[in-house]
Amino acid sequence: MTSPRGRMIAGLMILPAALVFLAFFVLPLVRLVIAGGEGPDGWAGYGVALADARHLTSLAETLALSIAVTLATLVLGGIPGLFLARNRFPGRALLVSILTLPLAFPGVVIGFMVILLAGRQGLIGQVSQLLGGDRIVFAYSMAGLFLGYVYFSIPRVVLTVMASAEKLDPQLEEAARSLGARPWRVFRDVVLPGLKPALISAGAITFATSMGAFGTAFTLATRIDVLPMVIYTEFTLGVNLAAAAGLSLLLGAVTWAALALARSAAGAGVAAAG
Amino acid sequence: MRNRTLGFWLQLALTLAVSAFLGVPILQSMLAGVTRNIFTGVWKSGLTLDWVGQVLTLYWPAILLSIEIALGCLVATLLVGVPAAYGLARAPGRLARLAEEALVLPVAVPGLALALAMVIAYNGWGGFRQSAWFILAGHVLFTLPFMVRAVLAVMASSDLATLEEGAASLGAGFFRRFFDVVLPNCRSGILAGALTVVTLSIGEFNLTWLLHTPLTKTLPVGLADAYASLRLEIGSAYTLVFFVLIVPLLVALQLLVRPRTAKPLSQDPS
């Protein structure tokens with residue numbers, strides 16, 4: 001439909017969505033950039049905010065947390081995902097349901113799950129006390145946040161890896177085995193490269209979510225200085241708009257780049273499979 | 001049954017452990033929500049629906065508002081998103097791909113940053129800023145890409161152009177084609193998009209926390225409030241109420257999105 005009439009219809013159909021996008025995304029973002037430059041330091045406020053030692057520490061800690069969460073989730077979600085895609089046994093459907101259920105839990109609920117596991121009255125503390133040790137409590141810290149983000153991200157990795165593993169060609173593995181490759185070699189040289197686009201895609205989404213998530217940290221404690229919490233306190237308590245705006249834009253750029261990587265990896269995966 | 005290898009059992013053990021990690025706190029919270037006193041335990045204190053009742057009296061307005069916003073969000077994303085997906089599918093060339101990329105941007109930026117920008121931009125608009133419409137606007141912005149992508153994926157995989165050409169050659173006008181050919185062929189995508197939109201809207205917190213006012217609290221805002229200030233049983237009961245709302249949606253989505261036939265494996269891959 002490349003006729004002028006066709007183009008016009010296509011344009012008109014996109015128009016309402018474009019207006020929503022302009023009114024609630026583009027315009028606010030422009031206002032945010034301007035508001036950040038209206039502080040006492042003017043545009044230099046951005047430089048001051050981004051050079052602030054506390055902000056830089058927070059950025060480094062958030063990056064480290066997100067990388068650790070991504071690696072842990074790829075292992076803890078990837079192995080069950082691959083396992084469930086290639087084995088049939090009684091109870092399998094139940095495990096798939098449990099492993100994918102928290103996919104759309106909000107951050108606050110994830111935070112509550114962490115409190116139930118590792119909080120003051122949490123299961124881990126009770127078990128550790130029963131075993132004669134101290135009551136282990138780590139929910140209200142970076143470790144609790146790590147647990148929460150891994151919890152939140154496992155379902156996505158499981159789903160992505162399962163979908164990708166079901167598309168792998170079993171003949172490739174058979175060929176490798178018939179040529180005498182040991183199981184570990186088959187896994188490393190045949191299966192893992194086949195899953196690579198899925199792992200990159202799910203990993204990038206996990207990373208972006210861990211960088212930008214707010215609800216879990218908010219539920220656990222306001223003292224966890226991850227970047228979203230710093231933005232929130234700068235905006236509400238510090239009323240430091242330059243810092244809040246600058247860090248928001250920085251955070252948005254990081255998560256956008258990670259997700260762009262995810263999409264291009266997924267695209268390459270589709271191309272390779274088709 | 002084939003003989004299972006050691007690798008099978010190790011992987012099964014890890015899968016079970018990870019499932020327990022995800023499942024146990026969910027069960028814990030559901031149980032705590034109906035336990036009379038969690039500190040003395042469920043066996044000694046017994047079961048009760050008192051906490052659920054308290055949650056419903058305390059937070060009914062928040063729960064109701066969340067359902068209303070989710071339904072409003074669904075209507076808006078259907079009216080705006082489905083035509084947009086069609087436009088993107090039919091518009092050729094680079095401009096359409098660029099528009100597609102742009103529309104997905106609101107998902108790529110953390111909700112907190114989006115909400116901050118919206119609050120600053122609409123601060124002067126008192127009536128709108130204070131109302132639930134403001135939250136709805138944020139939710140529509142955030143969920144619209146999911147609707148567009150779900151519908152676009154189905155449109156891309158079905159040969160829409162040929163179907164429409166066929167209909168056009170039989171004399172069907174644009175509206176006739178859109179409602180009688182395009183929409184029925186995208187049913188599965190629209191349904192998947194609708195379930196995703198409602199699920200995301202009901203649970204949305206990252207945006208909503210900055211957008212809400214004391215008079216426009218949503219369900220997750222109330223959850224944060226209950227976790228922070230009320231006893232564990234009430235937080236758990238509230239979480240239970242949330243699960244009752246959200247789990248049917250998630251299960252429906254899983255059944256819908258799951259690939260229809262999994263390839264049977266010819267041999268044990270270990």
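Helices here are DSSP runs of H or I with at least four residues, numbered from the N terminus. In this predicted model, that numbering places A244(A) in helix α12 of chain A, which covers residues 241–273.

Part of its surroundings comes from chain A: beyond the neighbours within four places in sequence, A244(A) is in contact with I231(A), E234(A) and F235(A), among others. I231(A) is 13 residues away along the chain, yet the two C-alpha atoms are separated by 4.8 Å. A further contact of A244(A) reaches the other chain, at L116(B).

That contact leads to the interface. In total, 72 residues of chain A are in contact with 71 residues of chain B. On chain B, the side that touches chain A draws at least two residues from each of α1 (6–32), α3 (50–90), α4 (94–108), α5 (111–121), α7 (132–157), α10 (187–203), α12 (219–229) and α13 (232–257). Which helix supplies the largest share of that side? It is α1(B), with 15 residues. By residue class, the side of chain B that touches chain A consists of 50 nonpolar residues, 18 polar ones and three charged ones.

Chain B as a whole has 13 helices and zero strands. Its pattern along the sequence is accordingly written α-α-α-α-α-α-α-α-α-α-α-α-α. The radius of gyration of chain B is 23 Å, whereas a compact globule of 270 residues would have a value near 18 Å. Taken along the principal axes, the C-alpha atoms of chain B fill a box of roughly 75 × 70 × 30 Å. Of the 270 residues in the chain, 46% count as buried. Among contacts in chain B with a separation of 6 or more, 76% join residues 24 or more positions apart.

The confidence values come last. For the complex, the predictor gives an ipTM of 0.87 and a pTM of 0.87. The average pLDDT of chain B is 85, and 94% of the residues score at least 70. Where does pLDDT stay under 50 in chain B? This happens over residues 260–270, for which the model has 12 contacts beyond four places in sequence.

Conventions. Residues numbered from 1 in each chain as written. Chains lettered and ligands numbered in written order. Predicted model: local features only at pLDDT ≥ 70, side-chain atom pairs only at ≥ 80, totals over all residues. Contact = placed C-beta atoms within 7 Å. Nonpolar A, V, L, I, M, F, W, Y, C, P; charged D, E, K, R; others polar. Rg over C-alpha atoms; globule rule 2.2 N^0.38 Å. Buried ≥ 20, exposed ≤ 12 C-beta atoms within 10 Å, placed from the backbone. pLDDT = per-residue confidence, 0-100.
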